[in-house]
Amino acid sequence: MTLAAHDVAYLRALVARNSGNQLDTSHDYLFESRLQRLIRARGFPSVAHLVAALRSAPGSSLERSVAEAMTINETSFFREPAAFDLLRDSLLPALIERRRGCRTLRFWSAACSSGQETYSLSLLLCEHFPQLASWSIDILGTDLSAGMIARAAAGRYSRMEVDRGLPAPFLLKYMVQDGDEWEVSPVLRLLCRFQRRNLCTSPALMQPCDVIFLRNVLLYFPPATRDRVLQTIHRSLAPDGILILGASEQLPSDAHWKPVLTPRAVWYCPLSGR
Ligand SMILES: C[S@@+](CC[C@H](N)C(=O)[O-])C[C@H]1O[C@@H](n2cnc3c(N)ncnc32)[C@H](O)[C@@H]1O
């Protein structure tokens, strides 16, 4: 059964309400394919039946499952490597120097999907900054999708996933093979924790972070939502902290963020007053 236009419009509005994601109308056909797994799991004969159930119980947990099923979870280890190179070669050495007194560093991989970004940060620290072994390090990975957070916390990846971005020496050193899968080693896991978190509705973190990765997620939000999320990010970042966006994303120039251009990548430093 093909979805009626009013059902598609209903789903689009539901997704915007629950995740802030503004789905392009040219992608309407994706509702049918992306919701297949959910309708099978919940025993609905078709997506139209799922929509009927949603309409009869507005605000139910089923809404959240639909919004989560419609997220794009594309990610990989060391995705857009220029950002990791910039951290390793210049941003982190300077930050470590500034934090020498408190010996604490906090990282937030906001919208971490299945966790590869979070573990890439952990690996970067373990491999290149052994002096941090005696520091207090916290790497928080968060995502809207409960399914993605469960995958991230499990830390198990297929051959294809580890082949995407993880150099062979790191695979052997930091992952343990278990059948067809590879499991993240305890040394990397120790620094990481994961939480489900909706960037559009959650307050700022209690403890400000030193580095926030907010990559490849802002593009799904309409301008007003993007601005609200950036306010929360600003409040969650230390005054001398570092914000890193996706390679194809940039902030409109405003009074709250200063873009710092380097030959490899751009990063953003928070300006005061938010
Ligand atoms: C394309 S992935 C990006 C993953 C990773 N940051 C990277 O660049 O490889 C986008 C992620 O954003 C998450 N997301 C979408 N809307 C969100 C929201 N409102 N709050 C938190 N995460 C959200 C999705 O679940 C998805 O896992």
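At roughly what angle do the axes of helix 4 and helix 5 cross, and within what distance do they come? In this predicted model, the axes of helix 4 and helix 5 (residues 61-69) cross at roughly 135° and come within 9 Å.

**Helix 4 and helix 5**
- Helix 4 and helix 5 are therefore oblique to each other, and their crossing is left-handed.
- Leu50, Ala53 and Leu54 of helix 4 make this contact with Leu62, Glu63 and Val66 of helix 5.
- Sorted by class, the residues in the contact of helix 4 with helix 5 are five nonpolar, no polar and one charged.

**Helix 1 and helix 4**
- Helix 1 (residues 5-19) and helix 4 (residues 47-56) have axes that come within 11 Å and cross at roughly 60°, which means that helix 1 is oblique to helix 4.
- The crossing of helix 1 and helix 4 is left-handed.
- From helix 1, the residues His6, Asp7, Tyr10, Leu11 and Leu14 meet Val47, Ala48, Val51, Leu54 and Arg55 in helix 4.
- Seven nonpolar, one polar and two charged residues make up the contact of helix 1 with helix 4.

**Domains**
- The chain is divided into domain 1, covering 5-69, and domain 2, covering 81-155 + 186-270, and the C-alpha centres of these domains lie 30 Å apart.
- Between them, seven residues of domain 1 are in contact with eleven residues of domain 2.
- About 710 Å² of area is buried between domain 1 and domain 2, and carbon and sulfur atoms give 50% of that area.

Conventions. Residues are numbered from 1 along each chain as its sequence is written. This is a predicted model: local features need pLDDT of at least 70, side-chain atom pairs count only at pLDDT 80 or more; totals for chains, interfaces and linings use all residues. Side-chain values use heavy atoms; hydrogens and water are left out. Axes are lines fitted to C-alpha atoms, for helices over the stretch in contact, and angles run from 0 to 180 degrees between N-to-C directions. Helices (H or I, at least four residues) and strands (E, at least two) are DSSP runs, numbered from the N terminus. Angles under 35 degrees count as roughly parallel, over 145 as roughly antiparallel, 65 to 115 as roughly perpendicular and the rest as oblique. A crossing is left-handed if the near helix is turned anticlockwise from the far one by less than a right angle, and right-handed if clockwise. Contact means heavy atoms within 4.5 Å. Ala, Val, Leu, Ile, Met, Phe, Trp, Tyr, Cys and Pro count as nonpolar, Asp, Glu, Lys and Arg as charged, and the others, Gly among them, as polar. Domain bounds come from an automatic or database domain assignment. Buried area is the accessible area (1.4 Å probe) that two parts lose on being put together, summed over both.
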